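Subject: Structure for your review

Dear colleague,

Please find below the sequence and structure that I am handing over to you. A description of what was found follows.

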Amino acid sequence: MPKDRELVLVSLLQEATRIANEADDIRDAGLPVITAVCAATGWPVGHLCLPDERDRRVFVSTDVWHEEIAGEFAELRKASEDVRFPLGAGIVGRAAKTGRPQWIADVSDEPMLVRPLVNCVGSAIAFPITGRGIVAAVLEFFTREPVTPDPGLLEIMADVGIQLGRVADRMAARQALLFGSQRLERILDSCVEAFVSMDEGGMITSWNAAAEKVFGLSKEEAIGRRLADTIVPPQYREAHHLGVGRFLTTGEKRVLDNRIEITGWHANGYEFPVELATWAVQDPMMGWTFNAFVHDITDRKRTEDALRHAYEHEREAVTRLRELDVAKSDFVATVSHEFRTPLTNVIGHLEVLTSGDAGPLTAAQTRMLGVIGRNSDRLRALIEDLLTISKVEAGVFDLELRPTDLQEVLTAACATVEPRAKRRGHRLVLAVEGQLGTVEADPEQLQRALSNLLTNGVNFTPDGGLVELTARIDDDHVEIKVRDNGVGIDTDEQPQLFTRFFRGTFAVREAVQGAGLGLAITKTIVEGHGGEIAVASDVGHGTTFTIRIPRERPLWL
């Protein structure tokens, strides 16, 4: 390659690096990079292709074009407007599928054109922009005459694609951060207790739906106001400021990390009793954030006061004392029950109704209660999954390994999933090879892992399919397989299956239930046993998960 040509290409790479450092979006970076490439190579036209928002396995043309002479390639732009490039189809689809540059020296000899052949084009070249192993965009360039592939240009353009991949990485990171923030906000808004947070300066930064009801202020009215002047009664405000200042300067905590009873201040100007649980979190960039769950205990206090007064006025009458005794016992039971989550309450009432203790049910009522029960179980499973993930992240998720009858665990896992399989018309098969005996395991968690895999098989297998659980001894290990003949998993998505909150393309498109936590938790449980899990899948033919765990407790556990 001539020296001056080499310098031009190096200068192009440097310019692409500068653009990648400054841009926040692929579209923003696309046009200046395309312009720089055209100027450096002499290719007269280039443009940007992005994944379709509805199906990210298909790439489409955008309005990001550069033409050396405006309108000279109008025919090409027109031919590209409505073209779709599935992975592997056309030069764009091939670049997107392989992750490598593609060069067509003479388009008239190309057998796999997707768009109509236009007279103004001789050669075409497509460069993928890759971020986190995924092609996020494709840059496409054209010449008027056929051009022989240039290895030096291909190498430089591959590097350009890598540099622009950093822009895609930043976009993905922002989207993940936004998703996490929105998910947390939805969770907090679903809480029955008020959630409030403030920054180091004492300004309210978070305010959920329950806080609106408890304190009589909308989120828009509350956020940005000084917390002490908003929800702290006047007589406690000075103590509040002193406590925050003392913590920030010395780290001393008197109220933080405790659950206490105190009074709150309503927007209408009155005090009311609350139960308060507070904690603080430090961010390296934003400083300390102070968080609190607040529970209005007005009704409970009124009940306590009523019982206390009744007991004091009627203590001389034996009969009344007995009645008050019963009332007190009922009250204690009621208060204990109120500390349970609303979900437990819902499930308990469902069990009473479905058992017939509350009276006979019609067929329609039974069906409706069945739907409520399944959705309650789904919500409870989601909460358990979220708590497990929190324990894993905090490093406090521990397994209790003990000699365990593996056959019992396998049978229990199948029994848990069998009702769901029957509703879908699936055949659920348990096949054990020989005598399994006992293994060192946590039976509850191992059953949970197997139930997750079986549920996964049921959810992703069309009605009337087969889901099979097999197990056998393999030397000093136990090998367990969960196999289905369902839709399968795309090869590109398999490496992400055990990532927290990952939802495959099929699951998103078909709105399959789940938060993307089951497989991540399963992997954690298997590895906690000193084992490993692997997946093999063929799209349209099914999926097999294979678990291998040692029969005896590993030395490092």
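A contact means that heavy atoms lie within 4.5 Å. Among the contacts in the protein chain between residues at least 6 apart in sequence, 60% join residues at least 24 apart. Please bear in mind that this is a predicted model.

**The chain as a whole**

The secondary structure of the protein chain comes to 17 helices and 18 strands. Of its 557 residues, 40% are buried. The chain exposes about 30,700 Å², and carbon and sulfur atoms supply 53% of that area.

**Aromatic rings**

A pair of aromatic rings is described by the distance of the centres and the angle of the planes. Rings count as a pair if their centres lie within 6.5 Å, and planes over 60 degrees apart make the pair edge-to-face. By this rule there are 11 aromatic pairs. One of them is formed by Trp-43 and Trp-103: the ring centres are 5.3 Å apart and the planes stand at 85 degrees, so this pair is edge-to-face. Trp-43 belongs to the loop between helix H2 (26-41) and strand S1 (45-51), while Trp-103 belongs to strand S4 (residues 102-104), so the pair ties together parts that are 60 residues apart in sequence. Trp-43 is buried, with a relative accessible area of 6%. Trp-103 is buried as well, with a relative accessible area of 15%.

Elsewhere, ring pairs link Trp-207, Phe-215, Tyr-270 and Phe-272 into a cluster. A charged residue also meets a ring: Arg-237 lies over the face of Trp-265, at 6.0 Å from the ring centre.

Strand S15 (residues 466-474) and strand S16 (residues 477-484) run antiparallel and are joined by 8 bridges. Within this pairing, Ile-473 stands opposite Val-478 in S16. The two strands, S15 and S16, form a hairpin with 2 residues between them, and Asp-475 in the turn has a positive phi of about 55 degrees.

S16 is also joined to strand S18 (residues 542-550), again by 8 bridges and in an antiparallel arrangement. Here the bridge partner of Val-482 is Phe-545 in S18.

Which residues does Thr-470 contact, leaving aside its neighbours within four places in sequence? They are Ala-431, Glu-479, Ile-480, Lys-481 and Arg-483. Thr-470 lies in S15 and is buried, with a relative accessible area of 17%.

Yours sincerely,
A colleague

Terms used: Residues numbered from 1 in each chain as written. Predicted model: local features only at pLDDT ≥ 70, side-chain atom pairs only at ≥ 80, totals over all residues. Heavy atoms only, no water. Phe/Tyr/Trp six-rings, centres within 6.5 Å; stacked < 30°, edge-to-face > 60°. Helix = DSSP H or I, 4+ residues; strand = E, 2+ residues; numbered from the N terminus. Buried < 20%, exposed > 50% of the residue type's maximum accessible area, 1.4 Å probe, protein only. Lys NZ or Arg CZ within 6 Å of the ring centre and 35° of its normal. Areas by Shrake-Rupley, 256 points an atom, 1.4 Å probe, with all protein chains shown as cover. Pairing = 2+ DSSP bridges.
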